[in-house]
Amino acid sequence: MSPATIALVFQVLNLIIQEAPEMVGLVRAFEADFGKHPSTQQTVKQITDGTIQTSNETLALLAPLLKGVAA
Amino acid sequence: MLALGLLAAVLLSTGCQKTASISTPAPPVAVDVRISQYVNILAVANQNAATVVVNLKDAGVISGDNATRIATYQTAIAKATAGMSQILAQPTAWVDKAIQIQNLALSLVPPSQFEKFGAADSVQFQSLVTAINAMESTIKIIVQMAQAPVASTTPAGK
């Protein structure tokens, strides 16, 4: 299941919460199960990999401004 | 005929009231996915702001000392965003991750009175001030989200 499909499922779940508050418990359990889906975890990994790369590039960019300053 | 018209008017009115309230749903993703997205946004914003700081220093809009103060803050943000990403990737319990992410986020404090490091009428410098304010807001959002006791992709008990 693609991350986009999972996001759509979560949107439907939120709609159910709004329209049928008595189903919140059921929806929350379903939501937690979907949160553990491998595709969702893959999404987190892709995002965090990109963040680490961006952060490292920023450190390299700022390094010349920090010459002589203790790290 | 009049009764029919009145009935139609009442039905239309009721229908309009039913659809009048529009609410914005919460982001439909697990909390760690949301936090990883916000951390990524912070990292990208920080990278863009870093380019601006380098350019403003080279152009003489801000002094070398003040550029170093801002760069020190931005370096802390870059290290924190990398650290948060590594924490998010760990197979540990969500509650432990959340505390570590909060601690990292709360350690980020901008230099005192950074908004006075450049001229008030400099559009470029004011853009940098806006960018730093936006990063501070994003950091606060990350802290708030890490405090929310909701479902994550980390299996319970791990």
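A residue counts as buried if 20 or more other C-beta atoms lie within 10 Å of its own, and as exposed if 12 or fewer do. The model discussed here is predicted. Its largest nonpolar core has 43 residues, and Asn40(B), in helix H2 of chain B, is treated separately below.

**Nonpolar core**

- Within the largest nonpolar core, the residues with the most contacts are Ile35(B), Val39(B), Leu42(B), Val53(B), Met84(B), Ile101(B) and Ile142(B).
- Two or more residues of this core come from each of helix H3 (38–62) of chain A and, in chain B, helices H2 (31–58), H3 (64–89), H4 (94–106) and H5 (123–147).
- Apart from neighbours within four places in sequence, Met84(B) contacts Val39(B), Ile101(B) and Leu104(B).

**Packing of H2(B) and H5(B)**

- The axes of H2(B) and H5(B) are 10 Å apart, and the two helices pack at an angle of about 160°.
- Because angles over 145 degrees count as roughly antiparallel, H2(B) is roughly antiparallel to H5(B).
- The contact between H2(B) and H5(B) comprises 22 nonpolar residues, four polar and one charged.
- H2(B) and H5(B) form a left-handed crossing.

- Leaving out residues up to four places away in sequence, Asn40(B) touches Ile47(A), Gly50(A) and Thr51(A).
- Asn40(B) and Ser85(B) are 45 residues apart along the chain, and 8.5 Å separates their C-alpha atoms.

Note on methods:
Residues numbered from 1 in each chain as written. Chains lettered and ligands numbered in written order. Predicted model: local features only at pLDDT ≥ 70, side-chain atom pairs only at ≥ 80, totals over all residues. Core = buried A, V, L, I, M, F, W, Y, C linked by C-beta atoms within 7 Å. Helix = DSSP H or I, 4+ residues; strand = E, 2+ residues; numbered from the N terminus. Contact = placed C-beta atoms within 7 Å. Axes fitted to C-alpha atoms, helices over the stretch in contact; angles between N-to-C directions. Parallel < 35°, antiparallel > 145°, perpendicular 65-115°, else oblique. Left-handed = near helix turned anticlockwise from the far one by under 90°. Nonpolar A, V, L, I, M, F, W, Y, C, P; charged D, E, K, R; others polar.
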